[in-house]
Amino acid sequence: MKESRKEEIEKAFAKADKDGTGTLSVKELQSALVELNDEKMEEDLEQIQKNIGFVEVLMSAVDKNGDKTVTCEEFIELITEELDQEKMLRNMVRDADKDGDGLLSAGEIVTMLKKMDCDEDNEDFANMIIRMCAHDPSRKVKPEALISFMIDGPAEKDPKEDAKRMFKMFDTDGDGYLSKKELAAYFQDMMGDSDDDEDDKDFIKMTAKMMLASADEDEDSRRRQG
């Protein structure tokens, strides 16, 4: 790197370091990136300016000790070196687990996705991730499953095993059967959010009732796992 280039980056860092601590907070990093207006960040400049969460994503690529600040050395690395995309994703997933239970809810996934792009409608994508990756009635996703999904895409699955996983997810009382209510919840999930559409609600209930009746061999109004 040319000395003039290094000085330019250091100047932007120093200007943003308002409190003179030798490190930049997320907000100060945002200011430094806008001030520098580097070619490498040109495509992302709009996101940087309006989406502080996106700046957090960039910070996670170089924040070695996880203290949510960036040193001048790390700032230079952010500007001049290729970013480790997988490291960024892993840090984002780790930070998304706000309640510390080791799993990610749909809400936590939506918050994480908004940091990547605040303009996108992320709720549908988050619900798709839940459907593809959740493994039990908690409807939460293991971090490694989410990372694998984001990097490699949906994994090829045995249809029978996938059906068993979906059954377990909607068998909320864990009794090995799906009631009308649980089956209706499954259809509503497949069709998306229909809370504001009474016609959709009625259709879902009717469809669940018809399917349950046709599959209910012992007439106990429950569908057992096949």
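This is a predicted model: local features need pLDDT of at least 70, side-chain atom pairs count only at pLDDT 80 or more; totals for chains, interfaces and linings use all residues.
The secondary structure of the protein chain consists of twelve helices and four strands. Of its 226 residues, 37% are buried. The chain exposes about 13,600 Å², of which carbon and sulfur atoms supply 49%. Among contacts between residues at least 6 apart in sequence, 58% join residues at least 24 apart.

Helix H4 (residues 52–60) is largely enclosed by the rest of the structure, because seven of its nine residues are buried. These buried residues are Gly 53, Phe 54, Val 55, Val 57, Leu 58, Met 59 and Ser 60.

The structure holds twelve salt bridges. Three of them are listed below.

| Salt bridge | Closest N and O atoms |
|---|---|
| Asp 38 and Arg 5 | 2.1 Å |
| Lys 68 and Asp 95 | 2.8 Å |
| Lys 140 and Asp 99 | 3.5 Å |

Asp 38 forms a salt bridge with Arg 5. Asp 38 lies in the loop between helices H2 and H3 and Arg 5 in helix H1, so the pair ties together parts 33 residues apart in sequence. Asp 38 is buried, with a relative accessible area of 8%, whereas Arg 5 is partly exposed at 24%.

Lys 68 forms a salt bridge with Asp 95. Lys 68 is in the loop between H4 and strand S2 and Asp 95 in helix H6, 27 residues apart. Lys 68 is partly exposed, with a relative accessible area of 43%.

How values were computed:
Residues are numbered from 1 along each chain as its sequence is written. Side-chain values use heavy atoms; hydrogens and water are left out. Buried means under 20% relative accessible area, exposed over 50%, partly exposed in between (1.4 Å probe, protein chains only). Helices (H or I, at least four residues) and strands (E, at least two) are DSSP runs, numbered from the N terminus. Contact means heavy atoms within 4.5 Å. Accessible areas come from the Shrake-Rupley method with a 1.4 Å probe; for residues, only the protein chains shown count as cover. A salt bridge is a side-chain nitrogen of Lys or Arg within 4 Å of a carboxyl oxygen of Asp or Glu.
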